[in-house]
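Hi,

Here is the structure I said I would pass on.

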Amino acid sequence: MIKLCEITDYLEKEFPPEYKEDFDNIGLLVGRRDRNITKAVLCLDANKNVVKEAISLGAELIITHHPVIFNPVKKVTDETDFGEMLVSALENGISIYSAHTNLDSAPGGITDTVCNKLNLTPFGNLEGALGRICNAPVGTTAKILCAKIKKEFNIETLYSTFSEDREIKTVAVCNGGGGGELPEIAMKLGADVYISGDLKHHELGMMKANDNIDFIEMRHFDSEKIVTGILENKLNEKFGDKLELHISQAEVSPLLDTDKIS
């Protein structure tokens, strides 16, 4: 029998908390550390549908990337979807654990996995441990890079500031939200392209106005949905068949293609 603390201690060894950003809220957010765990659901976001899924599977643990509790919580009741989710989890003995920016930035985490899938070779970070600055394979062009992203991350539509096909030598990568100071840092580091998501309009405009760098938007969900595979591989390496793992089938991107509306 595996204790929850064994799982959390292992994940924090693989993705150390010191890699998290100061604003973040990671770790065990719901539950008891001495709880026996036989089944776990892995997801990007814990929501009421994922909790229902965990209940139906008989899982005692949900491991999520984005923290289920991020901002201060004043009450937990069934009057809201958020409250109902937590109440249902507690009533059914389901613990919830989050590995967020530490899993982004730690070696072998999401950012490194994105770079690896795109055949990019990191040679430095954008800020602290956050993001990577990489060399692209010789002969990489804008069209080749965009096609590679679409294929590796199963993205039908990709947006960028490119206006022509050109050679790409240096690429900056920050999965998830990549605004704030990061676009300017990518520029200063000499990146030909910055791959990220969730930029504000003025940040996009700043990058479009700079002739030396282009931006490729991998939306937040698309760039981080690989987290479940990363967690599955790590947990299988340690616990094998002692821990039954389920990648959530209940969560989808919050943004849907309107052509698919029935």
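Predicted model: local features only at pLDDT ≥ 70, side-chain atom pairs only at ≥ 80, totals over all residues.

Residues are numbered from 1 along each chain as its sequence is written, and side-chain values use heavy atoms, with hydrogens and water left out.

On to the rings. Searching the whole structure gives 3 aromatic pairs (rings of Phe, Tyr and the six-membered ring of Trp, centres within 6.5 Å; planes under 30 degrees apart are stacked, over 60 edge-to-face, the rest tilted). One of them is Tyr10 with Phe239, edge-to-face at 5.7 Å centre to centre and 80° between the planes. Tyr10 belongs to helix α1 (residues 4-14) and Phe239 to helix α10 (residues 227-239), so this pair ties together parts 229 residues apart in sequence. Tyr10 and Phe239 are both buried (under 20% relative accessible area; exposed is over 50%, partly exposed in between; 1.4 Å probe, protein chains only).

Tyr194 and Phe215 make a tilted pair, because their ring centres are 6.0 Å apart and their planes at 50°. Tyr194 is in strand β11 (residues 193-197) and Phe215 in strand β12 (residues 214-217), so the pair links parts 21 residues apart in sequence. Both of these residues are buried as well.

Next, Asn175, in strand β10 (residues 170-177). It counts as buried, at 6% relative accessibility. Its side chain makes polar contacts with the side chains of Asp104 (2.8 Å) and Thr111 (2.5 Å). A polar contact is a pair of N or O atoms within 3.5 Å; within protein, one must be able to donate a hydrogen and the other to accept it, and residues adjacent in sequence count only if both atoms are side-chain atoms.

Last, helix α2 (residues 48-57): Val50, Val51, Glu53 and Ala54 are buried. They span an arc of only 160° around the axis, which puts them on the same side of α2 (the arc is that of the directions from the helix axis to the C-beta atoms). The face turned away from that buried side has the exposed residues Lys52 and Ser56. Just after α2, Gly58 has a positive phi of about 75°.

Cheers

Key:
Helix = DSSP H or I, 4+ residues; strand = E, 2+ residues; numbered from the N terminus.
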